Protein chains: 2
Amino acid sequence: RPAKQMSYSNRGKTLEDDLNESNQYYLSNGIAVIHKKPVPIQIVDVHYPQRSAAVIKEAYFKQASTTDYNGVYKGKYIDFEAKETGSHTSFPLKNFHEHQIEHMKSVVGQGGIAFVIMKFTAGEETFLMQSESLVQFWDRMLSGGRKSITKAEVESCSIKIPLGFQPRIDYIKAIDSIIS
Amino acid sequence: RPAKQMSYSNRGKTLEDDLNESNQYYLSNGIAVIHKKPVPIQIVDVHYPQRSAAVIKEAYFKQASTTDYNGVYKGKYIDFEAKETGSHTSFPLKNFHEHQIEHMKSVVGQGGIAFVIMKFTAGEETFLMQSESLVQFWDRMLSGGRKSITKAEVESCSIKIPLGFQPRIDYIKAIDSIIS
Ligand SMILES: [Mg+2]
Ligand SMILES: [Mg+2]
């Protein structure tokens, strides 16, 4: 009787959950130091009750000026955005903001490594696309072209990251192939 | 009549204000890409009013698991904590947390550059101390030694950062002397 095929199915977990777990694995094993940045908040009102912790009573979500994750791997600065789509056929660009694209350009200009980790949730397929490619598709949109990257384009301009057990999303291997 | 001496006095501005301005200067001039991380918040309750932005109604400050600032300079990963003291004679270690020290060690282990920018507010003196030195003073405390770094020790183990006009705190010059 053939062994059952290992299933790494992951329904219900977000890309962010998987990346946070992967980063924890990298950190614990001395492989890389990469953290999710906290969500930026505009705090309007804070109460300071006696004998207990300060309570934020009014605050708003601010638009992030950079990307989701950054850190260091083998001395190199790593910076990336993580995005999911439910589409089967293309990756929409509307989820990116101009300042995120500008941030990635600045990072690359400074010798860092910037990319996006894209997940097509329907097929649980994950890709790492370097910011240089993302910028090309972004500029195509700005000059009147399509507002998304076709699945075929993602496949030909990215590194596919196989879904694993530990770490779930072993994107460091993809970075190795970039820097080698 | 002699020209008045330029004054860079800065009463009322915090170290963080000055560093944010300096980072903005570095970014605008293509010198470095370094940002303050958002303050981590534990969100408990969010309201979603019709036709207006989501409002956070209850949230708490979380202890930061890393440091205040990070980014990239000449391809190198930069990571630092900024701290002020009102003391004239020593820099207290009680403002650092064990996990911040551990984070700096991990960064150095991965080939990044980690340090603390310390300001003695009374004399407006600012120093950059590399994490390797900070860790030594931290370990001295853990083994029963003093709970602070004397001013003389700071002076001999750090690079003094002169207060300037633009950028206010030109710590990139100190990093140059570290990496050269
Ligand atoms: Mg994201
Ligand atoms: Mg601080």
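User: Which residue does Glu102(B) meet in a salt bridge?
Analyst: Lys105(B): the two side chains meet at 3.5 Å, N to O. A salt bridge here is a side-chain nitrogen of Lys or Arg within 4 Å of a carboxyl oxygen of Asp or Glu. This is a predicted model, where local features need pLDDT of at least 70 and side-chain atom pairs count only at pLDDT 80 or more, while totals for chains, interfaces and linings use all residues. Residues are numbered from 1 along each chain as its sequence is written, chains are lettered from A and ligands numbered from 1 in the order in which they are written, and side-chain values use heavy atoms, with hydrogens and water left out.

User: Where do Glu102(B) and Lys105(B) lie?
Analyst: Both sit in helix α2 (residues 98–109) of chain B, three residues apart, about one turn of the helix. Helices are DSSP runs of H or I with at least four residues, strands are runs of E with at least two, and both are numbered from the N terminus.

User: And is Glu102(B) buried, exposed or partly exposed?
Analyst: Glu102(B) is partly exposed, at a relative accessible area of 34%, and Lys105(B) is partly exposed too, at 36%. Buried means under 20% relative accessible area, exposed means over 50%, and partly exposed is in between, with a 1.4 Å probe and protein chains only.

User: OK, what about Glu155(B), which residue does it form a salt bridge with?
Analyst: With Lys151(B), the closest N and O atoms being 3.8 Å apart. They are separated by about one helical turn because they are four residues apart in helix α4 (residues 151–157) of chain B. Glu155(B) is partly exposed at 42%, whereas Lys151(B) is buried at 16%.

User: How many salt bridges over all chains?
Analyst: The count comes to 20. Across the interface of chain A and chain B, though, the rule finds zero.

User: So what is there between chain A and chain B?
Analyst: There are 11 residue pairs in polar contact, both residues at pLDDT 80 or more. A polar contact is a pair of N or O atoms within 3.5 Å; within protein, one must be able to donate a hydrogen and the other to accept it, and residues adjacent in sequence count only if both atoms are side-chain atoms. The side of chain A that touches chain B divides into 20 nonpolar, 11 polar and four charged residues.

User: How much area do chain A and chain B bury between them?
Analyst: About 2600 Å², with 68% of it on carbon and sulfur atoms. Ile56(A), Tyr77(A) and Gln110(A) lose the most area on the chain A side, together 24% of what that side buries. Buried area is the accessible area (1.4 Å probe) that two parts lose on being put together, summed over both.

User: Switching to strand β4 of chain B: how many of its residues are buried?
Analyst: Five of its five, residues 69–73. Tyr69(B), Gly71(B) and Tyr73(B) point one way, and Asn70(B) and Val72(B) the other.

User: Last one: which residue in the hairpin of β4(B) and β5(B) takes a positive phi?
Analyst: Lys74(B), near 50°, in a hairpin with two residues between the strands.

Technical notes:
Nonpolar A, V, L, I, M, F, W, Y, C, P; charged D, E, K, R; others polar. Pairing = 2+ DSSP bridges.
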